[in-house]
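Hi,

Here is the structure I promised to pass on. Have a look at it first, and my notes follow below.

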Amino acid sequence: MDPAHPEHIFFSPARIRAIAGNTLLELVRLKVFYFLLIFGFLLIGLGAVTPEFNFQEQFQLLKDVSLGAMSIFTWLLAVLATAMLLPKDIEDRTLYTILAKPIPRFEYLLGKLLGVLLLILISTLVMSAVFAIALYGRQQLAISETIRTSAGASADQIQDAIRDIRASTFTYSLIAAVVIIYVKAALFAALTLFISTFASSWIFTIIVTFACYFIGSLQGIAREVWLGSVSTGPLPRIFLAIIALIFPDLQLFNLVDDIVAGNSISMLLFGKTVALGGLYTCIYFLVAYFVFTGKEL
Amino acid sequence: MYSLEKSFRSHPWFRFSAVAALVLIFGAIRLPIESRLNAEYRAAFFHGAQLNLSLRQQIGQTGFLAALGGFRAAVADYLWIQAHIDWTRTEWGKMLLIFNNVTALQPRNLMFWDMSAWHMAYNASAFAMQDTRVPRMALRLKHQHEDFLIGKDLLERGIANNPDRYKLRESLATLLRDKLQDHCAAAVQFAKAAEFPDAPTYEIRFAAYELSWCPGHEREAYNELLRLYNMGEKERLPTLLSRLKSLQESLNIPQSQRINIPENQLPPHH
Amino acid sequence: MTAISIQNLTKVYPIPFRRERIIAVRNLSLDVEPGQVYGLLGPNGSGKSTTMKIVLGLVSPSAGTTRIFGRDSHEVESREEVGFLPENPYFYKFLTGQETLDFYGKICGIRGAKLRERTAELLALVGLEQARDRRLAGYSKGMLQRIGLAQALIQQPRLLVLDEPTAGVDPAGSREIRDLILDFKKRGITVLLCSHLLSQVQEICDRIGILHKGVLVREGRLEDLISIENQTEIILENATPELLAQVNALLTNSGARILAERKPQTTLEDFFLEVTSSKN
């Protein structure tokens, strides 16, 4: 073998890293991170709107709005960023020059997905940091207010009150909520990638992904409503079965509302949810690879 | 892998079948896993929201879809802000509708149940008593009592949705004591609240106090108060001492068994 | 071992919802020897691009095989030895020149100091050192062709596939690229060239193949193909007019030295048009 030409490496993390890094760079240079500013302003604006509520209500609003905004932003980012990836490369034909190099289609696709996942991770971390700072600020306000208004109470009672406030702001479940938000976004990135492998345009991809979101959210409810009340003949059952087999059950990832309401989630349950989300992501990626690998360029 | 890629490229039907098979097999594998996971969630009190058709009628299609789409909390919060505005306008009827919707959306949120009950049993009821639009006092009392019962019902429903927490039982007990003067029921609720490991220490004391006001349970109450007294200085608070002294007298406890309680340790109003 | 070996290559594109099919390439066989500059010519729609894509493993054949240095084209390893310059600059416009070369280098498995060295060398070779930190969106067409050539060379390939390398480039740039290709040839790099600029092809190619409607209608050494069969050219030195007459009768009976005997050449352009029009 010519020493100038090393042996071809069958599976190369370095190649995947190159594609992932390039994808991240492309998305960053598209200035997608500016949406994070909107998130910041949203949280600040919220503070101005709710002064007449008590601290408990304010904490709840802050948590609900922050996590809800994080949920929607990460999901939108996942879908929009991924929907553009393949069509753009195919349309601009950059795919040709890349695949003309010794890189398997598998690594190319994986690199693209990892680039988007990295983008979502960075966004999630930044939003979490902003959220944590805002929550901490509120907590300190609540504590100082409590101390100020508890002039006659005993030290023990004040400590109890402060402990109560602290316990109701930061809980480990919030971390679990953020992780599940990320996992849901990752799932949708992989699903969008799969749809984009056979979609005719990126608009089609986005519409179909949105439809999947709705169907996935309704799937559990529809299942219950149908199986519970209506006397189901074979046809509705078959229809339901198909829906259940194809679409993800997104209610499983809607734990955030319950977590904020005060439900704490056990490590086991959390682990299972994350594992399921991870499995979905892998399967959707695999299906995307199957379709993409046979695609005529 | 290359032979697979080659087959995929030369035989589109093979590729389509492989994709369909993967999706369906994955679907078949995950369905039992997901339904088991759903069951575990319900056991851990997740997914308890009542997203049924009547709710959909009340909060409208957009709200319902948003709730289904993972934004239940935001919808509930939005409604809560509406309730707050209605409160400033003393529109109790509207508030009650919202309370029912909010608690249906977020049944695991204690604050919603607690504050909804508080608004009805304390604020709405007070307003009802002072409502000059209703000239007859008897009618005002009736409305006030209705508001008490609405508050009680909210708390009971809240407890049914949150059997693993003490807070709403404490609120219910307080309502029974303060508004409905049902000391026996209050005692039961305080006692149940006290059973929780994270309950504050005063719950068991309050249970004993209420029991002491419950006709036919004075002896039981006395034994309980004595037990608490014997636990040490921390428990020997003025109210406890006051009830103990009162029961000692009403139960004709022999002098030798009575605890000596000086006047300066009793609460001022005694 | 041949650089490129195409055996009985056929590519059929089915038209959805119709029974007809498009046969882009029909039973094509040709070989490109190492070190050759091979010109693949043909009108638009003749199957040139399809053939090129199949050789590069981007498209699968319906029948037949294509090999690069003995390796089947659909194997990823075969592309270790190939550099491809596409017709239009299909690169990421948001990257700078330097970043583009880094990116393609990493995909080819080159890293670290070796990559830095290689990109510097290539930027100097194609004359883009000044523009290394400018984004490709701000490059002219000629600059894009040059960065394209640089990325094609990044992994020191033994084979270059160039699709219209001088299309849209000014005469000076065109000349530079032509000189580069001749330099590659000297270094033993095989070149597969697709071009419409027949005069250029005539200048640099050793062998050509002409495709028309998916069929290889002519193939061979350039010199052989564009000779006119029934004429002979004789260049004589020190020949007298009398001798010319004598030469006509008896070639050997002369004092003139035959310096070269060559068949006169028509232009490639005329030949090409004649061949393709007769197939209508």
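At what angle do the axes of helix α1 (residues 13-29) and helix α5 (residues 105-149) of chain A cross? Please keep in mind that this is a predicted model. The two axes cross at roughly 45° and come within 7 Å. Since angles under 35 degrees count as roughly parallel and 65 to 115 as roughly perpendicular, α1(A) and α5(A) are therefore oblique to each other. Their crossing is right-handed.

If you want to click through the residues involved, α1(A) brings A:Arg15, A:Ile16, A:Ala18, A:Ile19, A:Ala20, A:Thr23, A:Leu24 and A:Leu27 to the contact. From α5(A), the residues include A:Tyr108, A:Leu110, A:Gly111, A:Leu114 and A:Leu118. Sorted by class, this helix contact has twelve nonpolar, three polar and three charged residues.

Now for chain C. Nine helices and twelve strands make up its secondary structure, and 42% of its 280 residues count as buried. Taking the contacts in chain C between residues at least 6 apart in sequence, 67% join residues at least 24 apart.

Chain C also meets chain A: 24 residues of chain C are in contact with 26 residues of chain A. On the chain C side, β6 (82-85) and α2 (97-107) each supply at least two residues. The largest share, four residues, comes from α2(C). By class, the chain C side divides into 15 nonpolar, two polar and seven charged residues.

Enjoy exploring!

Best wishes

Methods. Residues are numbered from 1 along each chain as its sequence is written. Chains are lettered from A and ligands numbered from 1 in the order in which they are written. This is a predicted model: local features need pLDDT of at least 70, side-chain atom pairs count only at pLDDT 80 or more; totals for chains, interfaces and linings use all residues. Two residues are in contact if their C-beta atoms, placed from the backbone, lie within 7 Å. Ala, Val, Leu, Ile, Met, Phe, Trp, Tyr, Cys and Pro count as nonpolar, Asp, Glu, Lys and Arg as charged, and the others, Gly among them, as polar. A residue is buried if 20 or more other C-beta atoms lie within 10 Å of its own, exposed if 12 or fewer, and partly exposed in between; C-beta atoms are placed from the backbone. Axes are lines fitted to C-alpha atoms, for helices over the stretch in contact, and angles run from 0 to 180 degrees between N-to-C directions. Angles under 35 degrees count as roughly parallel, over 145 as roughly antiparallel, 65 to 115 as roughly perpendicular and the rest as oblique. A crossing is left-handed if the near helix is turned anticlockwise from the far one by less than a right angle, and right-handed if clockwise.
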